[in-house]
Structure formats: C-alpha cells, structure tokens
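Please keep the viewer open as you read.

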Amino acid sequence: LTQMIYGLSLSSNKTTTNYAGGSYEFSYSIENSYPEITAIANSNKSWVTDVAINDGKVSFKVQENNSGQARSATIAVSYGAIVQLHTVEQSYEAATLTINNFYRTCSHLACERSFTYTITNPRSSYRLIVSCDAVWITDIKNEGGKITYKVSENKYTPERTATIVLKYGQLEQSTSITQKGHEDPTIICYP
C-alpha cells in the first residue's frame, strides 16, 4: 500500500464584485498530482453559476444582485481529501431613476418636446416603460436616455395638464406638463 502525499492551493481566497456581477476566475495548483484524482469545484449558492475547472483555473459567473442586500457564497475546490474554500462577496447598490431638464409648460400650439432621464446601477432584468394619461401627448419615444414626445395643439380655451410616467422595475418617476389654452379670438360685431 502506497501512501499518497499531495497538496492543493488557491491563488486567492476571495473575489469581490459589485451588484452587476460578471465572469471571474482564480488559479489553483496541485502539488504531486495523481492521475486517479480529479480536481472538483462547486458553489453553495445558485447565483454563482457555471463553475468550471480547467487547466489550473476555476472559472465562474456571478449573477446580478437584485436581492436588496449584499451577499456571500463559497466555492469549494477539492482534490482528493483536501478542500480549499474561495469566498465570493457581492455588494448591492439600489437602482435609481431620475428625470432631468423637463419643460413644465408650453403654449397652445403643437410642438415636439423632450427630456432626459438617468438610471444609475441599471439592472439587466429591468426595462423602462413610459406612459402618459393624455391623448394629446403622442409619439412618445425612448432613445438613449432621452424621451421625445409631441404635444397636439390645444384649440380650446382651458389649459390642460398631462402626466408622463417612467417605470423601471419597482421604481417610478412622473412629471407633468401643462399646456396653455387657446386664447379667445377678438370678437368683431357688425351692425
């Protein structure tokens, strides 16, 4: 009976990532390897995926963190009876949605308007949805952080107000636009 003497070491024992996650790797080395022993790696959390071992490297992916808090996982790398642990720490940063430079009023004439918005810490699973509660606001388009829309002419005397709502995941921002009423034309009386 021959006694096997071997060793396993990791290049690092921790990976730290932001909320967005991504693809990562670290190296491992085996001292006195034996052909009958295979290195194995796995994670204890479902958000650390695609854990693979190949050519002295452990690769893995970290999913986006939408949990509402920082989180931690462990990748166990084993070779025979030896197990080394690698910790994965992921921060959480809340997404934010801000409406910028919005025109609050316009004349009674038809026009095209726009405003910009900013999303910080965007989420791959979220999509921006834009809506309006007035039929006189038309052709709403979202292109590269800019919302454009058309305002129909107000042919009536009273002013009117519309609300444009931006929804991004659980976030919601709204703003209103008031369009002035058409001024009464001068009334001319003929005898």
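The points below go through sheets, aromatic rings and a few single residues.

1. Ground rules. This is a predicted model, in which local features need pLDDT of at least 70 and side-chain atom pairs count only at pLDDT 80 or more, while totals for chains, interfaces and linings use all residues. Residues are numbered from 1 along each chain as its sequence is written, and side-chain values use heavy atoms, with hydrogens and water left out.

2. A mixed sheet. Let us begin with an open sheet of four strands, ordered E2-E8-E7-E4, whose pairing is mixed. Its edges are strand E2 (14-17) and strand E4 (39-43), each of which pairs on one side only. Neighbouring strands here are turned by 15° against each other on average, direction ignored. Strands in this note (E, at least two residues) are DSSP runs, as are helices (H or I, at least four residues), numbered from the N terminus. Two strands pair if DSSP finds at least two bridges between them. The angles run from 0 to 180 degrees between N-to-C directions, with axes as lines fitted to C-alpha atoms, for helices over the stretch in contact.

3. Have a look at strand E7 (residues 71-79) and strand E8 (residues 82-90), which pair in the antiparallel sense over nine bridges. Which residue in E8 stands opposite Ile75? You will find His86 there. As background, strands of a sheet pair through backbone hydrogen bonds, either parallel or antiparallel.

4. An antiparallel sheet. Another open sheet of four strands runs in the order E1-E3-E6-E5, and its pairing is antiparallel. Strand E1 (7-10) and strand E5 (48-54) form the edges, each pairing on one side only. From one strand to the next, the twist averages 20°. E5 is joined to strand E6 (residues 57-62) by five bridges, and the two run antiparallel. Within this pair, Asn54 stands opposite Lys57 in E6.

5. Two positive phi values. In the loop between E5 and E6 sits Asp55. Although Asp55 is not a glycine, its phi is positive, at about 50°. With 24% relative accessibility, Asn121 counts as partly exposed.

6. Aromatic rings. How many aromatic pairs are there? The count comes to six, taking rings of Phe, Tyr and Trp (its six-membered ring) as paired if their centres lie within 6.5 Å, with planes under 30 degrees apart called stacked, over 60 edge-to-face and the rest tilted. The rings of Tyr126 and Tyr168 have centres 5.1 Å apart and planes at 80°, so this pair is edge-to-face. The pair links distant parts of the chain, 42 residues apart: Tyr126 is in the loop between strand E11 (111-120) and strand E12 (128-132), and Tyr168 is in strand E15 (residues 160-168). Tyr126 is partly exposed at 27% relative accessible area, whereas Tyr168 is buried at 4%. Elsewhere, Tyr6, Tyr34 and Tyr79 form one aromatic cluster.

7. A charge over a ring. Arg71 lies over the face of Trp47, at 4.2 Å from the ring centre. The rule asks for NZ of Lys or CZ of Arg within 6 Å of the ring centre and within 35 degrees of the ring normal.

8. Gln179. Is Gln179 buried or exposed? At 0% relative accessibility, Gln179 is buried, and its place is in strand E16 (residues 171-179). Its side chain reaches the backbone oxygen of Ser152 at 2.9 Å, and a polar atom of that side chain lies 3.2 Å from the backbone oxygen of Ser107. Leaving aside neighbours within four places in sequence, Gln179 has contacts (heavy atoms within 4.5 Å) that include Cys106, His108, Trp136 and Arg160.

9. Ile137. This residue is found in strand E13 (residues 137-143) and is buried, at 6% relative accessibility. Beyond its neighbours within four places in sequence, Ile137 is in contact with several residues, among them Cys132, Tyr149, Ala162 and Ile177.

Terms used. Buried < 20%, exposed > 50% of the residue type's maximum accessible area, 1.4 Å probe, protein only. Polar contact = N/O pair within 3.5 Å; in protein donor to acceptor, adjacent residues only side chain to side chain.
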